[in-house]
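Please keep the sequence and the structure in view while reading.

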Amino acid sequence: MRQTELVLSKRDRPALDEFRSQGMHMARELNRAHILAALDRKIPESQIMDVLGVGRTAIWRTRAAYLEGGLTFALQT
């Protein structure tokens with residue numbers, strides 16, 4: 001299986017960690033945050049899918065949204 005590659009910016013890493021650790025967020029937003037963090041850590045897609053219970057399409061769309069519009073866009077789209 002081809003690995004989806006993503007490298008978060010140095011500014012986005014702490015913002016993403018803060019998002020994941022604070023407040024109440026919608027489940028979809030948290031899943032997207034976990035997907036971005038996992039991709040940044042080079043975790044295989046198959047493991048992300050198994051742990052989070054998401055499909056490959058969700059991973060690809062989250063990555064594409066981040067590359068298109070940044071962190072906030074990716075979490076809310």
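## Surface and overall form

The protein chain exposes about 5,100 Å², and carbon and sulfur atoms supply 52% of that area. Accessible areas come from the Shrake-Rupley method with a 1.4 Å probe, and for residues only the protein chains shown count as cover. The model is predicted: local features need pLDDT of at least 70, side-chain atom pairs count only at pLDDT 80 or more, and totals for chains, interfaces and linings use all residues. Residues are numbered from 1 along each chain as its sequence is written, and side-chain values use heavy atoms, with hydrogens and water left out.

The protein chain has four helices and zero strands (helices are DSSP runs of H or I with at least four residues, strands are runs of E with at least two, and both are numbered from the N terminus). From the N terminus on, the order of elements is α-α-α-α. The radius of gyration of the protein chain is 11 Å, close to the 11 Å that the globule rule gives for 77 residues, so the chain is as compact as a globular protein of that length. This radius is taken over C-alpha atoms, and the globule rule is 2.2 Å times the number of residues to the power 0.38. Along its principal axes, the C-alpha trace spans about 35 × 25 × 20 Å.

## Burial and contacts

Of the 77 residues, 34% count as buried (buried means under 20% relative accessible area, exposed over 50%, and partly exposed in between, with a 1.4 Å probe and protein chains only). Among contacts between residues at least 6 apart in sequence, 60% join residues at least 24 apart; a contact means heavy atoms within 4.5 Å.

## Helix α2

Helix α2 comprises residues 27-40, which is 14 residues. From its first C-alpha to its last it reaches 20 Å, close to the 20 Å expected at 1.5 Å a residue; the expected span is 1.5 Å times one less than the number of residues. The buried residues of α2 include Ile 35, Leu 36 and Leu 39. The buried residues of this helix pack against α1 (12-21), α3 (45-52) and α4 (56-76). After α2 comes Lys 42, whose phi is positive, near 65°.

## Leu 71

Leu 71 is placed in helix α4 and is buried, with a relative accessible area of 11%. Leaving aside neighbours within four places in sequence, Leu 71 is in contact with Asp 12, Ala 15, Leu 16, Leu 36 and Tyr 66. The C-alpha atoms of Leu 71 and Leu 8 are separated by 8.8 Å, although these residues are 63 residues apart along the chain.

## Salt bridges

The whole structure holds four salt bridges (a side-chain nitrogen of Lys or Arg within 4 Å of a carboxyl oxygen of Asp or Glu). In one of them, Arg 13 pairs with Asp 40, with the closest N and O atoms 2.7 Å apart. Arg 13 lies in helix α1 and Asp 40 in helix α2, so the pair ties together parts that are 27 residues apart in sequence. Arg 13 is partly exposed at 32% relative accessibility, whereas Asp 40 is buried at 14%.

Arg 20 and Asp 17 also form a salt bridge (3.8 Å, N to O). Being three residues apart in helix α1, Arg 20 and Asp 17 are separated by about one helical turn. Through shared partners, salt bridges join Asp 17, Arg 20 and Arg 41 into one network.
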